[in-house]
Amino acid sequence: MRAPLDLRILFFNDTNMRLLITLLLAASLAALAFSQEGAKSAPTAQKSPESAQEWAGEPYTLETCAASGRPIDVKGTPQTVRFAGRELKFCCKGCADYVKKDPGKFLGKVDEKLIAQQKPIYPSGKCLVAGKSLTKGGKDAGVDVMVGNRLFRVCCRRCVAKVKADPAKYAAQLDAMVLEQAEKDYAMESCVVNPKRKLDAKSKTAVIAGRAVKTCCSGCMRKVRSKPMSYIPAIDAAMAEARKEAAAEKAAEKSTGKG
């Protein structure tokens, strides 16, 4: 009569095994549901705007060769080179190779020209890092820093080091200031790409090479981004004219007040 006993043992073991598998499966499903619920309730880490994408610097906005100082297209063979973390343009390959051999001899002069170009349109009179005024005793006491063809103005060497350590962060801050300023007094009334199209509430706005740029549509904005130097001179000219008119109005008001 051992066979029936063996059958009962086999049945008992099989039942236990099925029960064990069922319990393990239920526990696994419960753990998975708990982890998913925890993931939903846990706060999602948000990237700051400046860390969302790597800042690659600004385009070269001078119309002259970074080495010779002559017009970029004087020889008909202009060269665009990324060097020392920045974009540079040259009138020929020979000039590009020459600068690579002795960059310190030329980059300082390029920076001087870019500073002279960007300083009049700089959006703030305060240190970008510390927030302190850059005017002391009625005179400009700011320190000019060029990183990636972009001008950053600060109050001291310590702030210079902070800008160089994280230029993307401070470029984003400058861009926000430029956009805020553009909402108040943008210098152009028409699209810089298609002057026949007036700007309106549907127009596109971006900051390119430190300038606020407004276009009538996304297609025109893509054209500015792909060939900025085909359009930036027109924006700079409009901004210069606006500054000239503002200065004349201020002088007239001051003169009237004295009278």
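Strand E6 and helix H5 each supply at least two residues of the lining of the largest cavity. Helices here are DSSP runs of H or I with at least four residues, strands are runs of E with at least two, and both are numbered from the N terminus. A cavity is a set of points on a 1 Å grid, over the protein atoms alone, where a 1.4 Å probe fits but cannot get out, and a lining residue has an atom within 4 Å of a point.

Before I go on: this is a predicted model, in which local features need pLDDT of at least 70 and side-chain atom pairs count only at pLDDT 80 or more, while totals for chains, interfaces and linings use all residues. Residues are numbered from 1 along each chain as its sequence is written, and side-chain values use heavy atoms, with hydrogens and water left out.

Back to the cavity. Searching the whole structure turns up one cavity of 30 Å³ or more. The largest cavity holds about 60 Å³ of space, where a volume is the space filled by probe spheres set on points joined across faces, edges and corners. Its lining is Gln 118, Ile 121, Tyr 122, Pro 123, Arg 150, Leu 151, Leu 174, Val 178 and Gly 210. By class that is six nonpolar, two polar and one charged; Ala, Val, Leu, Ile, Met, Phe, Trp, Tyr, Cys and Pro count as nonpolar, Asp, Glu, Lys and Arg as charged, and the others, Gly among them, as polar.

Next, a pocket, meaning an open set of points with protein on both sides within 12 Å along at least five of seven lines. The second largest pocket has a volume of about 380 Å³. It is lined by 18 residues, and Gln 181, Asp 185, Tyr 186, Ala 187 and Met 239 are the closest to its centre. Helix H5 (167-185), strand E8 (211-215) and helix H7 (232-258) each give two or more residues to this lining. Which element gives the largest share of it? H7 does, with five residues. The lining has 13 nonpolar, two polar and three charged residues.

Now the nonpolar cores. A core is a set of buried Ala, Val, Leu, Ile, Met, Phe, Trp, Tyr and Cys residues joined through side-chain atoms within 4.5 Å; buried means under 20% relative accessible area, exposed over 50%, and partly exposed in between, with a 1.4 Å probe and protein chains only. The largest core has 36 residues, and Leu 88, Phe 90 and Phe 152 have the most contacts inside it. H3 gives the largest share of this core, five residues. Apart from it lies another core of 23 residues, including Ile 121, Val 193, Ala 212 and Met 239.

Last, helix H2. Cys 95, Ala 96 and Val 99 are buried in H2. Why are they on the same side of H2? They cover an arc of only 100° around the axis, taken from the directions from the helix axis to the C-beta atoms. E1, E2 and H3 are among the elements that cover the buried residues of H2. On the other side of H2, Lys 93 and Lys 101 are exposed. Lys 93 has a relative accessible area of 52%. Lys 93 and Gln 79 are 14 residues apart in sequence, and their C-alpha atoms are 6.2 Å apart in space.

For the whole protein, there are seven helices and eight strands, and buried residues make up 31% of the 259 residues.

Notes. Contact = heavy atoms within 4.5 Å.
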